[in-house]
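Let us take a friendly walk through a protein model. Please have a look at the sequence and the structure below, and keep them in view as you read.

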Amino acid sequence: MSDFRPEDLTDEQSEVLEKAMFLLISAKREAAEMLTRAEIAPLPDGPFRSPCEFCACSDYNGDGGDCQTRVFGPGGSGPDSTCGHAPSDHLET
Ligand SMILES: [Zn+2]
Ligand SMILES: [Zn+2]
(Lines give C-alpha, C1' and ligand atoms only; values in the text may rest on other atoms or scores of the structure.)
(Ligands and ions follow the chains in the order given, each with its own letter.)
Protein backbone atom coordinates (compact mmCIF):
# COMPACT_ATOMS: atom_id res chain seq x y z
CA MET A 1 0.00 0.00 0.00
CA SER A 2 1.31 3.39 -0.91
CA ASP A 3 0.23 6.67 0.61
CA PHE A 4 -3.20 7.74 -0.51
CA ARG A 5 -3.11 10.99 -2.43
CA PRO A 6 -6.44 12.02 -3.95
CA GLU A 7 -4.75 14.39 -6.40
CA ASP A 8 -2.94 11.47 -8.02
CA LEU A 9 -6.07 9.58 -8.87
CA THR A 10 -7.19 9.14 -12.43
CA ASP A 11 -10.72 10.19 -13.37
CA GLU A 12 -11.73 6.57 -13.32
CA GLN A 13 -10.26 6.04 -9.87
CA SER A 14 -11.94 9.20 -8.60
CA GLU A 15 -15.27 7.89 -9.82
CA VAL A 16 -14.73 4.61 -8.00
CA LEU A 17 -13.77 6.56 -4.89
CA GLU A 18 -16.98 8.59 -4.97
CA LYS A 19 -19.05 5.43 -5.43
CA ALA A 20 -17.27 3.78 -2.51
CA MET A 21 -17.78 6.84 -0.30
CA PHE A 22 -21.45 6.89 -1.27
CA LEU A 23 -21.81 3.26 -0.21
CA LEU A 24 -20.13 4.08 3.07
CA ILE A 25 -22.42 7.03 3.72
CA SER A 26 -25.48 4.98 2.75
CA ALA A 27 -24.48 2.21 5.14
CA LYS A 28 -23.95 4.71 7.95
CA ARG A 29 -27.32 6.29 7.31
CA GLU A 30 -29.01 2.90 7.27
CA ALA A 31 -27.30 1.95 10.52
CA ALA A 32 -28.42 5.20 12.15
CA GLU A 33 -32.02 4.65 10.99
CA MET A 34 -31.90 1.12 12.37
CA LEU A 35 -30.92 2.46 15.77
CA THR A 36 -33.62 5.10 15.63
CA ARG A 37 -36.27 2.53 14.74
CA ALA A 38 -35.19 0.37 17.66
CA GLU A 39 -35.57 3.47 19.84
CA ILE A 40 -31.93 3.55 20.63
CA ALA A 41 -31.16 7.23 20.61
CA PRO A 42 -29.46 8.55 17.53
CA LEU A 43 -25.91 9.32 18.48
CA PRO A 44 -25.48 13.04 18.00
CA ASP A 45 -21.71 13.07 18.09
CA GLY A 46 -21.14 9.45 17.31
CA PRO A 47 -19.72 7.76 14.27
CA PHE A 48 -22.86 8.29 12.24
CA ARG A 49 -22.39 11.91 11.40
CA SER A 50 -21.06 12.75 7.99
CA PRO A 51 -20.45 16.46 8.14
CA CYS A 52 -19.61 18.29 4.98
CA GLU A 53 -16.34 20.07 5.55
CA PHE A 54 -17.05 22.75 3.03
CA CYS A 55 -20.45 24.16 3.86
CA ALA A 56 -23.21 24.17 6.43
CA CYS A 57 -24.58 20.89 5.17
CA SER A 58 -24.54 18.30 7.95
CA ASP A 59 -25.29 15.17 5.96
CA TYR A 60 -24.94 13.88 2.48
CA ASN A 61 -28.20 13.84 0.58
CA GLY A 62 -27.90 12.57 -2.94
CA ASP A 63 -27.97 9.51 -5.13
CA GLY A 64 -24.24 9.11 -5.55
CA GLY A 65 -23.69 12.33 -7.46
CA ASP A 66 -23.55 15.82 -6.07
CA CYS A 67 -25.14 16.42 -2.70
CA GLN A 68 -28.66 17.83 -2.97
CA THR A 69 -28.96 19.17 0.56
CA ARG A 70 -30.25 22.72 0.47
CA VAL A 71 -27.91 25.11 2.13
CA PHE A 72 -27.97 28.79 2.83
CA GLY A 73 -24.76 30.66 2.43
CA PRO A 74 -23.39 33.15 4.93
CA GLY A 75 -24.83 36.02 2.93
CA GLY A 76 -28.21 34.35 2.64
CA SER A 77 -27.69 33.00 -0.84
CA GLY A 78 -30.66 31.89 -2.87
CA PRO A 79 -33.15 29.30 -1.67
CA ASP A 80 -32.18 27.01 -4.51
CA SER A 81 -28.57 26.60 -3.45
CA THR A 82 -27.55 23.04 -2.86
CA CYS A 83 -24.42 21.74 -1.24
CA GLY A 84 -23.24 20.27 -4.53
CA HIS A 85 -20.29 18.54 -2.98
CA ALA A 86 -19.26 14.98 -3.76
CA PRO A 87 -19.93 12.15 -1.31
CA SER A 88 -16.31 12.01 -0.22
CA ASP A 89 -16.49 15.63 0.93
CA HIS A 90 -18.96 14.57 3.60
CA LEU A 91 -16.74 12.18 5.46
CA GLU A 92 -14.65 13.08 8.42
CA THR A 93 -10.99 12.94 7.65
ZN1 LIG B 1 -23.77 18.22 1.42
ZN1 LIG C 1 -21.19 20.62 1.13
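In which segment is Pro6 found? Pro6 is found in the segment before helix 1. Helices here are DSSP runs of H or I with at least four residues, strands are runs of E with at least two, and both are numbered from the N terminus.

A word on the background: this is a predicted model, in which local features need pLDDT of at least 70, side-chain atom pairs count only at pLDDT 80 or more, and totals for chains, interfaces and linings use all residues. Residues are numbered from 1 along each chain as its sequence is written, while chains are lettered from A and ligands numbered from 1 in the order in which they are written.

**The helix**

The secondary structure of the protein comes to 1 helix and 0 strands. Helix 1 covers residues 11-37, and its 27 residues should span 39 Å at 1.5 Å a residue, which agrees with the 39 Å between its end C-alpha atoms. The expected span is 1.5 Å times one less than the number of residues. Ser26 has its place in helix 1.

**Buried or exposed**

A residue is called buried if 20 or more other C-beta atoms lie within 10 Å of its own, exposed if 12 or fewer do, and partly exposed in between, with C-beta atoms placed from the backbone. Of the 93 residues of the protein, 14% count as buried. Pro6 is exposed because it has 9 other C-beta atoms within 10 Å. Ser26 has 14 such neighbours inside 10 Å, so Ser26 counts as partly exposed.

**After the helix**

Glu39 is found in the segment after helix 1. Phi of Glu39 is near 60°, a positive value in a residue other than glycine. Most residues other than glycine have a negative phi. Glu39 is also exposed, with 6 other C-beta atoms within 10 Å.

Pro51 lies in the segment after helix 1 too. Pro51 is partly exposed, with 15 other C-beta atoms within 10 Å. Leaving out residues up to four places away in sequence, Pro51 touches Ser58, His90 and Glu92. Two residues are in contact if their C-beta atoms, placed from the backbone, lie within 7 Å.

**Across the chain**

Residues 24 or more positions apart account for 42% of the contacts in the protein with a separation of 6 or more. Here are some pairs to find in the model.

| Pair | Separation in sequence | C-alpha to C-alpha distance |
|---|---|---|
| Pro6 and Leu17 | 11 residues | 9.2 Å |
| Ser26 and Gly62 | 36 residues | 9.8 Å |
| Pro51 and Leu91 | 40 residues | 6.3 Å |
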